[in-house]
There are 2 protein chains.
Amino acid sequence: FDLLSPARAWCQAAAQKLPGGIGSKLCGRLQSLYETMTFLQEVVDILLAYITESFDRETKVIDFHYPNELLQRNNWELQDEPETLDDILISCRATLKYAIKTAHPRYFNQLSTGLDMVGLAADWLTSTANTNMFTYEVAPVFVLLEYVTLKKMREIIGWEDGRGDGIFSPGGAISNMYAMLLARFKMFPEVKEKGMSSVPRLAAFTSEHSHFSIKKGAAALGIGTESVICIKADESGKMIPADLERKILEAKQKGFVPFFVSATAGTTVYGAFDPLIAISDICKKYQVWFHVDGAWGGSLIMSRMHKWKLDGVERSVLKLTWNPHKMMAVPLQCSALLVREEGLMQNCNQMHACYLFQQDKHYDLSYDTGDKALQCGRHVDIFKLWLMWRAKGTIGFEAQIDKCLELSEYLYNKIKDREGYEMVFNGKPQHTNVCFWYLPPGMRYMEDKEEKKKRLHKVSICPHYVSFTRNKMAVL
Amino acid sequence: FDLLSPARAWCQAAAQKLPGGIGSKLCGRLQSLYETMTFLQEVVDILLAYITESFDRETKVIDFHYPNELLQRNNWELQDEPETLDDILISCRATLKYAIKTAHPRYFNQLSTGLDMVGLAADWLTSTANTNMFTYEVAPVFVLLEYVTLKKMREIIGWEDGRGDGIFSPGGAISNMYAMLLARFKMFPEVKEKGMSSVPRLAAFTSEHSHFSIKKGAAALGIGTESVICIKADESGKMIPADLERKILEAKQKGFVPFFVSATAGTTVYGAFDPLIAISDICKKYQVWFHVDGAWGGSLIMSRMHKWKLDGVERSVLKLTWNPHKMMAVPLQCSALLVREEGLMQNCNQMHACYLFQQDKHYDLSYDTGDKALQCGRHVDIFKLWLMWRAKGTIGFEAQIDKCLELSEYLYNKIKDREGYEMVFNGKPQHTNVCFWYLPPGMRYMEDKEEKKKRLHKVSICPHYVSFTRNKMAVL
């Protein structure tokens, strides 16, 4: 790194020639800039070496220690006195020494995706820009890129001219909570001012295989987990539409008002896709808002070969959760909520903070996205997705997704007739999840199914579940 | 950057000597690694040049264009086809060309803090580690550092032995929402399952100068903005305790159940500190949960000279919001919620997702923090704070905070008797906010106060407000 050495030469000359100490003052500034840049470059060298090591399958994935042990292994304490930059470099090395190499070819964990180099570069740039998504004036480019990307995603879904709204939020759980919040507001706008006491007892519906964030959201929003009615799933994990209709009718009879159905496109464990068309028909019939939680499987819409699994998603009259940080391997975190109706998010969430969202600015205020969010400040999560999209193109994402599905079918075929293994459900995987039990030798020929199940759960609480994201598998 | 050139020399030799194409295969891998590293280094060079430029006060802060213009100025579209890495570098340069230099000495905006180099380095490392805070197994070091840092923060507050709980959340608005959620759950635990219909009509209290996120939170949680009762503030922006007591009694008479008081330590516009001791006495008397929103002013607790402004914060029986990304100049975002009662967050938010939080892991499960959060995946926000704390030491943060308060007092003294300026309230600023009106010449001697106020609001909707964070001022 040699940006500054010509400047240093100049500086030495200037210190001698310029009068009144100006030269040496400038020199001092350059010196401090030089030290800063050297420090940053040293950190980058540490990071590049870490990446190189992570890519090498001969290295350890983790130098694992139990929490109490790890606390002892290094001095992690916060002190009164400052440390030198050299100490800081040592701390960076220690942190990476005990970190888990998430980019390592042999690292497997839930929904991990490896480390995309363009995504990483984009995240470094985002940190350097160090700004906030609340107004156009503090993040002009990033706000525009969010606008461009959300529009593209809506076009891919099939909403007319890509019209609608959306936001990047801190993860799928918050996106799903937004969805429920918007559905409630859409049906009972007075809830914003008057709270749930102005609203009849609500009922939300989702499959028994759906993500726990639906219940978590209901608890937070004051709807209550008991108002989330679980719909039965079939053997392969898909919601059974007839059971949905039955439960909606039951809820109505009990005096509940059905307001929200969350269908899942790609369930967490089975990778099942709920039948969206049948569900949307029922939603239409009973006038319930239809949301699709595609946090995990939404990305399949980018694959011409697999997008039929999401047929009907374009009918989601309200919204869709879609997490590019999962199947599309964007660095954490990157979760989009797409909303069909323009203005709804704004009406639901705005509080008109005059110190931030002045109405007399000289640009189109629809680019001040802050007041439609639940957050005030909002981290820039868009740039890594946008830059990766540019690098891969839509066809690159498609190829990556198709490859993962191909790999999971390969694994499925390898396991299904193998001695000592049992598939959790029959049939090819719909998404990249391959779910199976490993049967220890003593259990392979047990007759008593209940006893067998009980003992299996002692080997592992959940079934094993392997899913492919990018070139990575996630094992549970 | 020359990590790989010895390897390349070896590689050329190996390609010739090793049999069966193994040499050239290895060589190909090295080549691709080399290209990756070169690309990353090129991005870093762009970033270092951008930082150098940002520090130079002779450069432009922003090359501003209106949204529609900016859309035209570059090709920001997402295409089907991939781009080359050279194109990606061009996109990075274009993004920075039109970005606003938030590290520039002449950049002023709400709550901006400049760019701390250690914080930036830490954020780059965080991106490289690319992991998630939900379990210890995927983020061993970061989970520990969060534990160490939250404990340190609780010790500084003055909670016995630093006991309690906490979490880093995506911003102060979400932290405040957590606080309200926990207070409601603490008083009516059945709300989690049964929703607001099981709970009497609630009332929350906060000063008229408090942050809008209190109302936003109430709207989201199904409590309703009308249930947030605004308490009068005195001329300098502090909540009037007598009015709080009156409003609590009034609410009780109307059949509301007061459950939550959010006092503000450092209001957004005036920088006022509510009288925490008097407020906590009232909370105790009426058995209402006492929360302190110290998103902006909480950091003053690190200054021996100024922490008296937060006297009483240790009585916040429930929780405190404290945003190190504001006054402590940590890169965005970094917001802590500190909770006094251990286990409360877990009980309030847990959903026991078996696929993620298995109970049969071989380490202390209290380090799996995911189930106490509203989020499922959670971005690593801790490392930048931790590393900056190591670099500055507690005394470094203290000196930085004291300096900002000194600067704001200096500015206050410069403005208060200056012709054409009028302070929004009398008295020295309590925080770094200096609030004043600029009076155009024609308005300086107007008698009619109402008319004057009306015309002033045409010049600017809000008063001007200058606050110092680190060596930066934020101007509204």
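Which side chain meets Asp371(B) in a salt bridge? Select Asp371(B) and Lys216(A): their side chains form that bridge, at 3.5 Å, N to O. A salt bridge here is a side-chain nitrogen of Lys or Arg within 4 Å of a carboxyl oxygen of Asp or Glu. Asp371(B) sits in the loop between helix H12 (344-349) and helix H13 (382-416) of chain B, and Lys216(A) in helix H9 (residues 213-220) of chain A, so the pair joins two chains. Helices (H or I, at least four residues) and strands (E, at least two) are DSSP runs, numbered from the N terminus. Both Asp371(B) and Lys216(A) are buried. Buried means under 20% relative accessible area, exposed over 50%, partly exposed in between (1.4 Å probe, protein chains only).

This is a predicted model: local features need pLDDT of at least 70, side-chain atom pairs count only at pLDDT 80 or more, and totals for chains, interfaces and linings use all residues. Residues are numbered from 1 along each chain as its sequence is written, chains are lettered from A and ligands numbered from 1 in the order written, and side-chain values use heavy atoms, leaving out hydrogens and water.

Next, select Glu226(A) and Lys194(B). Their side chains meet in a salt bridge at 3.0 Å, N to O. Glu226(A) is partly exposed at 43%; Lys194(B) is partly exposed at 36%.

Now move to Arg246(B) and Asp243(B), a salt bridge at 2.5 Å, N to O. Both lie in helix H10 (residues 241-253) of chain B, three residues apart. Arg246(B) is partly exposed, whereas Asp243(B) is buried.

Last stop: Asp123(A), Asp381(A) and Lys384(A), joined into one network by salt bridges that share partners.
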